[in-house]
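Keep the selection tool at hand.

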Amino acid sequence: DLPARDIVESIKPVGAQVLVLGLTTTSPGKGTERELRAIVRALPRDIELWVGGRGAERRASIISPRGLVFRDYTTYQQELVRLGGRLA
């Protein structure tokens, strides 16, 4: 429930490589979509965006050009392994 600006600003100083968001609501919400668009715009290009949860697929058109939409836990695990290989 943090504003988009706070989310993006909180990850910059820690050197994050990925921002993972869980969207739990599937109901249409202009506020949720507005905040998600703000995150997509403001997130530095060198930080990956991963989004999962019941509301992620509904908002895939906002997320997909910039990030990954996880439809299942297996895909999420595969991306974690990929990221881990990059850190090794």
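This is a predicted model: local features need pLDDT of at least 70, side-chain atom pairs count only at pLDDT 80 or more; totals for chains, interfaces and linings use all residues.

Select the strands first: they form an open sheet of 3 strands in the order E1-E2-E3, with parallel pairing. Colour strand E1 (18-22) and strand E3 (68-69) next. Both stand at the edges with a single partner strand each, so one side of each has no neighbour in the sheet.

**From E2 to E3.** Now select residues 48-52, which make up strand E2. E2 runs parallel to E3, and 2 bridges join them.

**Glu-48.** Stay in strand E2 and pick Glu-48. Is Glu-48 buried or exposed? With a relative accessible area of 19%, Glu-48 is buried, because the cut-off for buried is under 20%. Display its side chain together with that of Trp-50: the two side chains make a polar contact at 2.9 Å.

**The helix pair.** Move on to helix H1 (residues 4-11) and helix H2 (residues 30-42). They pack at an angle of about 30°, and their axes are 8 Å apart. The crossing of H1 with H2 is right-handed. To see the contact, select Ala-4, Ile-7 and Val-8 in H1, then Glu-35, Ala-38, Ile-39 and Ala-42 in H2, which they meet. Colouring this selection by class shows 6 nonpolar residues, no polar ones and 1 charged residue.

Technical notes
Residues are numbered from 1 along each chain as its sequence is written. Side-chain values use heavy atoms; hydrogens and water are left out. Two strands pair if DSSP finds at least two bridges between them. Helices (H or I, at least four residues) and strands (E, at least two) are DSSP runs, numbered from the N terminus. Buried means under 20% relative accessible area, exposed over 50%, partly exposed in between (1.4 Å probe, protein chains only). A polar contact is a pair of N or O atoms within 3.5 Å; within protein, one must be able to donate a hydrogen and the other to accept it, and residues adjacent in sequence count only if both atoms are side-chain atoms. Axes are lines fitted to C-alpha atoms, for helices over the stretch in contact, and angles run from 0 to 180 degrees between N-to-C directions. A crossing is left-handed if the near helix is turned anticlockwise from the far one by less than a right angle, and right-handed if clockwise. Contact means heavy atoms within 4.5 Å. Ala, Val, Leu, Ile, Met, Phe, Trp, Tyr, Cys and Pro count as nonpolar, Asp, Glu, Lys and Arg as charged, and the others, Gly among them, as polar.
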